Each structure stands twice: as C-alpha cells, then as structure tokens.
Amino acid sequence: MTIHIRGTVEFEKVLAEPWPSSIDMTRTRMAVQQLLDTQESHTTLKKRLRDYVHKIDTLIDYLAKVGNDSLTEHPIFEWSVNDTILRTPCWRLEAILPRYTLASMSTEAAFELAKEHDYKGARKMFLSALSLHQECVHGLRLWKWKVPSLNHDVLQKKWHQSQIELHTGMTTLCMLCTGIQKQMKSTALFTVSQRALRNFARSLATWPSKQGQDLMQIAEAMRYYFSSDMMWSAGLYGQSIRRLERWMTPVEFGPFEILKDEWSKVPLLMEERHATNNGAYFDTVKDGRPLCSPIKLINNQVSSDIPHPPMTQEWAVSDEDASTPTEPLENQ
C-alpha cells in the first residue's frame, strides 16, 4: 500500500462560523500527512488516523445539517493511492481514505502475525480491517462518483463489500490454521475450509481480484485434502486417492505457512496410500461424489453448513452437481 495526502486543507479558513476544533483538525491532518510520507511510526500513525476519522465524521455531520452556507470556500481534498491521484472538493473522500488506510495497515499487520503463526492475533487484525471496510460501505451506500478520475476501487461500495468477504474468509483460514495446530478431526477442518471457500467465492463474484483467486484456491485445495482424509477413514480408498490426485497442483499459500506445510505432505501421502491400497485393499481408483461447487455455496441462503456428500461405493450424480476443482469461478 502506498498512500499519501497531497496539499493542505486549513479548516479554520474554510468554515464561515467558528468551529471549536478546526485548528486542531488542520494540525491532525498535517500530522497524518507527515507520518504517511515518513512512515516513521505506524503506532502514532494509527492513533492520528483514528483521531482524524472521529473529527472529520463529526464535522461532516455538522455540515450536513447547516449546508454550504457554513463554508467560505470549497476546499480541495487531494490524496494519492498507489500512484493514482484522487482530487475532489467532496468531503466524503476524507471519510473514506483514512479508513481505507487504517484497514490496509491492519491487513498488513495480520499477514505479519500469520507468518509468525500467531493466528489469534492475525484474526483480530483481519476483523479490525473488516470493520473498517464495513464503515466504508456505509459511507458509500448512497454515494456515486460521476467524475471518471474518482472511479477508483477504494471509492466503490462493491469493492469494499468484496473486501469484507475476503477478510471474513481470511479470519476463517486463521481458524483453520489453529485447528491444524490442535490436530482437530478432518470432518471439522473440512467444514472450516468450506466456509472460507464460500467467502472467497462471494468476494470474487462481487469484485474479481488476483488475491481473491489465490485465496479461493487455498481454501478449495484444503477442502479436497480433508475430504480425501474423510473418504480414506470411511474405507473409500480408491476415491480418496483420486480426490488427492485432482489437486496435485502448485498452490500459493502466502502468509499461511502451516497450510503450506500441511499441503507439502500430499506427495508422500499419495505414495503411502497407493502402496497401502495396492497391497491390501485393491480398491479401484475412481471419482467419488463431487463436492458442492462454489456457485452453489454462494447461492446457499441457509446459514447452516452444507455437509460432505454421503460416502458410499455406489452413487449417481446429475450434471449440474459436477464441478472441476481447478476451474476458475467465473468460468463455472
């Protein structure tokens, strides 16, 4: 994330009537501007950003009541986000971009904590970012940007809705990592990975992104991995092997190192299961019942989890239930 404030707004010169904290607001905004430029203290920057968010919300509520008559001039707010200039006299920009900055910082902190296997702390940071994106959705709900230069992702309601689903899914991946640490049963881990998959699928359906695709692939890979374990335990040896074979592809796990370590077991696990099946069970390696497709997970309006398909030797499936694990969501 690269974000900066460009230019200065002197609130005490903008407001026609005296505002008790206008000078303090100007100083707070300048402090945020300096800290974004220098990056010398993330802790102080977060504190200043929260302070500025509270003050600008209060001022915008006041201006909404008294109207434009309270202004001596219209200030120009100008920020840069990843080298894109956002420039407008609209006060809403000042309510959204500080929140986006805080959300981005929380997400970056969550990634660092996840790398250190502190999944409880990472989940807390993901939830903090999620809450800020929810606030952005609320602020953008009745707002449309007609100027083409302001059609940036961070100023779109749907983009923030996608981020909410994305961060919800990442909190669930943190739960999955904790479950693996505690050696929970594959049935529970299957359910958790499927919940994450549903969130990432919803995120992609709302606003496609490379990050969403990568995270969805992680959740789908782990779902098939734990499904294979469940089938092996149920005596469906050939179907269990086939389920693993369908996911013998590279997966990028990002900061979730414990999932990468778990996935690294697949080649050896495949070898062991082939040897055991060939030497003892002689079960035919074939496809088992397909798991619920991401599209069906999205469309499921019931709050309860969709259970794993029945694990039996004989089964019949309709064409609409079939899904290819590696097929992108938008092509399904």
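Predicted model: local features only at pLDDT ≥ 70, side-chain atom pairs only at ≥ 80, totals over all residues.
**Entry 1**

I began with the strands. I found an open sheet of three strands in the order S1-S2-S3, with antiparallel pairing. Strand S1 (3–5) and strand S3 (84–88) are the edge strands, and each pairs on one side only. From one strand to the next, the twist averages 20°. I then looked up the pairing of S2 with S3, which is antiparallel and runs over five bridges.

Next I looked for helices on the sheet. Helix H2 (residues 22–38) packs on it and touches S1 and S2. The direction of H2 makes about 140° with that of S1. Helix H4 (residues 92–115) also packs on the sheet, touching S1, S2 and S3. Its direction makes about 30° with that of S2.

**Entry 2: Glu78**

Is Glu78 buried or exposed? Its relative accessible area is 17%, and the cut-off for buried is under 20%, so Glu78 counts as buried.

The bridge partner of Glu78 in S3 is Arg87. The side chains of Glu78 and Arg87 are also joined by a polar contact of 3.4 Å. Leaving aside residues up to four places away in sequence, Glu78 touches Ile5, Arg6, Arg29, Ile85, Leu86 and Arg87.

**Entry 3: the cores**

I turned to the nonpolar cores. The largest has 49 residues. Among those with the most contacts inside it are Leu173, Phe200, Met222 and Trp263. Which helix gives the largest share of this core? I noted helix H8 (residues 210–233), with eleven residues.

I checked Phe200 on its own. Its contacts, not counting residues up to four places away in sequence, include Leu166, Met170, Leu173, Leu215 and Ala219. I also found a second, separate core of 43 residues, which includes Val9, Leu15, Leu36 and Met105.

**Entry 4: the aromatic pairs**

I counted ten aromatic pairs. For Tyr225 and Phe226, the ring centres are 5.1 Å apart and the planes stand at 75°, so this pair is edge-to-face. Both residues, Tyr225 and Phe226, are buried.

I also looked up Phe253 and Trp263, a tilted pair with 6.5 Å from centre to centre and 50° between the planes. Phe253 lies in the loop between helix H9 (237–245) and helix H10 (257–263), while Trp263 is in helix H10, ten residues apart. Phe253 and Trp263 are buried.

Definitions and conventions. Residues numbered from 1 in each chain as written. Heavy atoms only, no water. Buried < 20%, exposed > 50% of the residue type's maximum accessible area, 1.4 Å probe, protein only. Polar contact = N/O pair within 3.5 Å; in protein donor to acceptor, adjacent residues only side chain to side chain. Contact = heavy atoms within 4.5 Å. Pairing = 2+ DSSP bridges. Helix = DSSP H or I, 4+ residues; strand = E, 2+ residues; numbered from the N terminus. Axes fitted to C-alpha atoms, helices over the stretch in contact; angles between N-to-C directions. Core = buried A, V, L, I, M, F, W, Y, C linked by side-chain atoms within 4.5 Å. Phe/Tyr/Trp six-rings, centres within 6.5 Å; stacked < 30°, edge-to-face > 60°.
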